Amino acid sequence: MKKTNRADFWTGISLIVLGILVWIITRDMPATELGINPGSYPRFIGMLLVILGIIESVSNIKGGYPEKGEKVDWKKFSLTAILAVGTFVYVKLLKLVGFPILTPFFMFGVMKLFGYKNNLKGAIISVIFAEGIFFLFYKVFMIFLPLGFLG
């Protein structure tokens, strides 16, 4: 019999709920006559979350209800909580400050939060990737990211 973990089971259930919520939240997004509309990508991701959540949950209950796993690692949990709060603040500041300026700082902060030690290399990577993403979306996909006070 395969050993299962309750955390994996409940993670699967959480993914299902999150996927359904994404689907519900995006149902009122404007539709386009041709091509992909603004809700298509989030709905696709929501559908994937539901499918993966079902797979995760079902694979964990095949051998019976999962047994308790290890105790919660509060240090890792606090890092995740800090990342969640930081992401919320990032999203709230995005329109005001703008993607090209704010994103490198956010990326660098996440790298530092999870223990990346080389500050110079981290800063260079943050700037190059953030500006590369901005260029890709702005010029190639023609999806205009917030410019903040630059625009």
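Is asparagine 60 buried or exposed? In this predicted model, where local features need pLDDT of at least 70, side-chain atom pairs count only at pLDDT 80 or more, and totals for chains, interfaces and linings use all residues, the answer starts with a percentage. Residues are numbered from 1 along each chain as its sequence is written, and side-chain values use heavy atoms, with hydrogens and water left out. Asparagine 60 has a relative accessibility of 5% and therefore counts as buried (buried means under 20% relative accessible area, exposed over 50%, and partly exposed in between, with a 1.4 Å probe and protein chains only). Asparagine 60 belongs to helix α2, and its side chain reaches the backbone oxygen of glutamate 56 at 3.0 Å.

The secondary structure comes to five helices and zero strands (helices are DSSP runs of H or I with at least four residues, strands are runs of E with at least two, and both are numbered from the N terminus). Along the sequence, the pattern reads α-α-α-α-α. The protein chain has 151 residues, of which 19% count as buried. Among contacts with a separation of 6 or more, 65% come from residues 24 or more positions apart (contact means heavy atoms within 4.5 Å).

Next comes the packing of the helices. Two packed helices are described by the angle between their axes and the distance between the axes. Here, axes are lines fitted to C-alpha atoms, for helices over the stretch in contact, and angles run from 0 to 180 degrees between N-to-C directions. Helix α1 (residues 6-25) packs with helix α2 (residues 40-61) at about 155°, and their axes are 7 Å apart. The two helices α1 and α2 are therefore roughly antiparallel to each other (angles under 35 degrees count as roughly parallel, over 145 as roughly antiparallel, 65 to 115 as roughly perpendicular and the rest as oblique). Residues of α1 in this contact include Phe9, Ile16, Ile20 and Trp23, while those of α2 include Arg43, Gly46, Glu56 and Asn60. By class, the contact of α1 with α2 has 13 nonpolar, six polar and three charged residues (Ala, Val, Leu, Ile, Met, Phe, Trp, Tyr, Cys and Pro count as nonpolar, Asp, Glu, Lys and Arg as charged, and the others, Gly among them, as polar).

Isoleucine 20, in helix α1, is partly exposed, with a relative accessible area of 43%. The C-alpha atoms of isoleucine 20 and glycine 46 are separated by 6.5 Å, although the two residues are 26 residues apart along the chain. In the loop between α1 and α2 lies glycine 39, which counts as buried at 3% relative accessibility. Leaving aside residues up to four places away in sequence, glycine 39 touches Thr26 and Met29.

Helix α3 (residues 74-97) and helix α4 (residues 99-113) cross at roughly 170°, and their axes come within 10 Å. That makes α3 roughly antiparallel to α4. Leu83, Tyr90 and Leu94 are among the residues that α3 brings to the contact, and Ile101, Phe106 and Val110 are among those of α4. The residues of this contact divide into 13 nonpolar, three polar and no charged.

Finally, methionine 142 lies in the segment after α5 (119-140). Methionine 142 counts as exposed, at 57% relative accessibility. Its phi is near 60°, a positive value in a residue other than glycine.

How values were computed:
A polar contact is a pair of N or O atoms within 3.5 Å; within protein, one must be able to donate a hydrogen and the other to accept it, and residues adjacent in sequence count only if both atoms are side-chain atoms.
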